[in-house]
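Comments are set out as numbered points.

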Amino acid sequence: DKLGGTITNKQNPVRYDPKAATLDSEAAAAFANQPDAVAAVLYAETGSLLLQAAYKQGLTKGVTVLLTDGVYSEDFTKQVGKGTDGKSIIAGALGTVPGADGQALSAFTSLWKEKTGKDVTAFVPHTWDAAILLMLAAEAAKSNTGEGIQSKIREVANGPGTEVTDACQAMEMIRKGEDINYQGASGNVDIDENGDVVGSYDVWTVKDDGTLKVIDKVTPNQ
């Protein structure tokens, strides 16, 4: 909007009932008047039906579909399906998902692979960092309570303490009374005055065969 675009239904976005038998009318409303793009906040099961309905009505041609992290999965593109040309119905769609670029990412990725046999997927590094920060803050406060954690979580997450990426090392340093600045797998996990962590986002796209590819990285407010 600030860059000169126009949001056509900002005050009245199209909503759909996930229990509805068909989503034809909702698809028609969302893709009405040949927009350049449609921001589609969806979950896989019902979202795939809405996009199929839009395709069958001939509404998706020339429209960029903007997706969110809830459908960052090739299972979703398989559910959406392919068109008559053999390409994914939503080929060229763009989406975002929280990225990970922290100092501890490499070590965490190796650990995760060793313990689970699986690749690290979206949100896993963030969940890991959140759990570690809770433990470190509780230890620093000597109180495993909400109030205790709140009183120390910024202290262990932000500077000016010594930067440390290993959770066990960080715990030992806190027990010795040392100030730390935990550096996570997802990012530096610095917490702002609103209690938010500002990190990076991966921008991904759907290829013709329905596979996903990360094509860019953005960092808000920087």
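1. The model is predicted. In its second largest pocket lies about 480 Å³ of space. This second largest pocket has 22 lining residues, and Ser186, Val197, Val198, Gly199 and Ser200 are those nearest its centre.

2. Helix α5 (residues 124-141) provides the largest share of the lining of the second largest pocket, namely four residues. By class, the lining of the second largest pocket comprises twelve polar, seven nonpolar and three charged residues.

3. The largest pocket has a volume of about 760 Å³. Its lining consists of 28 residues; Asn9, Ala30, Ala37, Val38 and Ala39 lie nearest the centre of the largest pocket. In the lining of the largest pocket, 18 residues are nonpolar, six are polar and four are charged.

4. Which elements each supply at least two residues of the lining of the largest pocket? They are α1 (24-30), β1 (37-39) and α2 (44-56). The largest share of this lining, three residues, is that of β1.

5. With 13 residues, α2 spans 18 Å from its first C-alpha to its last, close to the 18 Å expected at 1.5 Å a residue. Just after α2, Gly58 adopts a positive phi of about 75°.

6. The buried residues of α2 are Thr46, Gly47, Ser48, Leu50, Leu51, Gln52, Ala53 and Ala54. Among the elements that cover these buried residues of α2 are α1, β2 (64-67) and α3 (74-80).

How values were computed: Residues are numbered from 1 along each chain as its sequence is written. This is a predicted model: local features need pLDDT of at least 70, side-chain atom pairs count only at pLDDT 80 or more; totals for chains, interfaces and linings use all residues. Side-chain values use heavy atoms; hydrogens and water are left out. On a 1 Å grid over the protein atoms alone, a cavity is a set of points where a 1.4 Å probe fits but cannot get out, and a pocket is an open set with protein on both sides within 12 Å along at least five of seven lines; lining residues have an atom within 4 Å of a point. Grid points are joined across faces, edges and corners, and a volume is the space filled by probe spheres set on the points. Ala, Val, Leu, Ile, Met, Phe, Trp, Tyr, Cys and Pro count as nonpolar, Asp, Glu, Lys and Arg as charged, and the others, Gly among them, as polar. The expected span of a helix is 1.5 Å times one less than its number of residues. Buried means under 20% relative accessible area, exposed over 50%, partly exposed in between (1.4 Å probe, protein chains only). Contact means heavy atoms within 4.5 Å.
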